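Please keep the sequence and the three-dimensional view at hand while reading.

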Amino acid sequence: MPPSDYSKLSRIELIERLKSLESRESAIPPSDVRQRLAGTELFDSEERLRAILDTAVEGIITIDERGTVESMNRAAEKLFGYDAPEVMGRNVSMLMPSPYREAHDGYLERYIQTGHARIIGIGREVVGLRKDGSQFPMELSVSEVRLAKRRLFTGFVRDITERKEAEKRLSYYAAIVESTEDAIVGKSLDGIINSWNRGAEALFGYAREEALGQPISMIIPEDRLGEEQAILTTIRQGLPIERFETIRRRKDGVLINVSVTISPIRSPDGKIIGASKVARNITDRKRAEARLASLAQTLAEKNRELETIVYIASHDLRSPLVNIQGFSRELSHACEGLRMRLSTEAPSDADRAEAQRLLRDDIPEALEYIQAGVTKIDSLLSGFLRYSRLGRVALKVEAIDMNELLTGIINAMEFQVKRDAVNLNVEPLPPSEGDATLISQVFANLLENAIKYRSPDRPCRIVVSGTANADATVYSVSDNGIGIAQEHQAKVFEIFHRLNPNHSEGDGLGLTITQRIMERHGGRIWIESAAGKGSTFFVSLPRAAQAQ
Ligand code: ADP
């Protein structure tokens, strides 16, 4: 073996060679002896020992039983910053900082007396002291070389500053990984989980021990398993996947929205060996987004409703206004006529008769139209007011006994029921929750309409019934009246809209208000009806009232 290759010797081989050389009791001989020995086998061994020691990468220091340094190789010189002659013959403890320095002789002595090893044959991390006073972490392992008359100890020293720094960096990163709220999961290329931080425990509900070694598919819903194949294919190509939004399943089965960033993990030689995935719970954000989208929809609907109201207001308020304007003009004409005819000292008979006519016919007629117009405007404005107030009053939500509520309404309607010979049947109704006054108003409206829009061809029959399902109670008011054609069914909820204004008294506001009340309770109203046969109005109220 050429000398340059000695560095490749294993530590055991090195010790073996040291033993075989040292067993000849040859400490490094003085130069005259070396000259004498030149060319002999012993000299070769001697040279070889030096070569071995000096080419070794590790620091090698040999001490005797008292701790005196007998030899120190080049690597050790470099490590400690001394030249070997400065150390040789002195106690090895000079290479250690306090308190190891003071304790060292004691350790050595105890070992020699008791054979109880603290370091020999074991190896441990200790601190070395350089000539310049600086300290460094080192790994020290000591081998004992027993010779015929004495024992030597060979210490192998390695500077582990870099390793320690790397360990520190690693534990720093590990602390970051552990303390982050994001779930950080490592997996192999075949999808087996090999790391699982505290964030992952919190997000997915599995403890680290439960997750390690398991397939990542355990947190993927069945219908998304295909995703994982696509992810692994991308990772195998060395490409990251950034902020991928998907759904994962927690241990308790709950599905959560997550945003995931997945990056390939490479071995030191650059081979892709797995993937790290950082997942963040975005369920709340998704929920907020969804809430916003519905809010936006409601806003758009409200906007449309407002436009309708403005249109109706301008349209419906206009006709009584036009009447008022026109008949005021008529009135002033009539007054002018009166003034002309009665201003002369002796009005003629014709003038008097005309004045009489104006007073009897034209003036009262004009006043009547003006008053009707004012009444109409008043009723429209108070309708608007009633409607707009509904959006502002706070709901007083309470449990409602619907049978009791209906009995109250029907008692108040007794006169109409009797007058129109209505056959009214209220079935047992499930209870509900809501603002009792407003819910009363809903049923009063529906019952009044059912009577008002009864058919002239048959006795009026009304049935009120109700059912409760998992999340809502649904009530219905059914009549056998004139019915509403399909194409008009949506119109009846529009403000002031009446299908047949001359049919009966009404302001076309009842169903608009009813719909608004249902909306405020988080419920809804809808119709099933056939023209000429009858109508059923359904109202549904959520079980736990989500009043808005
Ligand atoms: P109003 O009864 O004052 O006209 P509503 O808003 O209560 O106002 O009703 C709007 C319109 O819907 C009514 O004018 C009528 O044309 C129609 N309608 C309401 N209820 C019924 C019913 N039960 N059967 C037939 N048509 C109805």
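## Basis of the report

The model is predicted, so local features need pLDDT of at least 70 and side-chain atom pairs count only at pLDDT 80 or more, whereas totals for chains, interfaces and linings use all residues. Residues are numbered from 1 along each chain as its sequence is written, and side-chain values use heavy atoms, with hydrogens and water left out.

Because K168 and E165 are three residues apart in helix α7 (residues 161–179), about one helical turn separates them; helices here are DSSP runs of H or I with at least four residues, numbered from the N terminus. K168 is exposed, since its relative accessible area is 53%, while E165, at 37%, is partly exposed (buried means under 20% relative accessible area, exposed over 50%, and partly exposed in between, with a 1.4 Å probe and protein chains only).

A second salt bridge joins the side chains of R208 and E178, at 3.2 Å from N to O. This pair links distant parts of the chain, as R208 belongs to helix α9 (residues 208–211) and E178 to helix α7, 30 residues apart. R208 has a relative accessibility of 30% and therefore counts as partly exposed.

## Other charged contacts

The structure holds 37 salt bridges. In one of them the side chains of D420 and R419 meet at 3.0 Å, N to O; D420 is buried, with a relative accessible area of 13%, whereas R419 is exposed, with 52%. Elsewhere, a network of salt bridges links E125, E139, R163, K164 and E167.

## Helix α11

Helix α11 (residues 283–343) has 61 residues, which at 1.5 Å a residue should span 90 Å, and this agrees with the 87 Å between its end C-alpha atoms; the expected span is 1.5 Å times one less than the number of residues. At R318, α11 bends by about 30°, and a proline, P320, follows within four residues. The bend is the angle between axes fitted to the seven residues ending at a residue and the seven starting there.

## Helix α8 and A202

A202 lies in helix α8 (residues 198–204) and counts as exposed because its relative accessibility is 57%. A202 and R250, although 48 residues apart in sequence, are 9.6 Å apart in space, C-alpha to C-alpha.

Conventions. Helices (H or I, at least four residues) and strands (E, at least two) are DSSP runs, numbered from the N terminus. A salt bridge is a side-chain nitrogen of Lys or Arg within 4 Å of a carboxyl oxygen of Asp or Glu.
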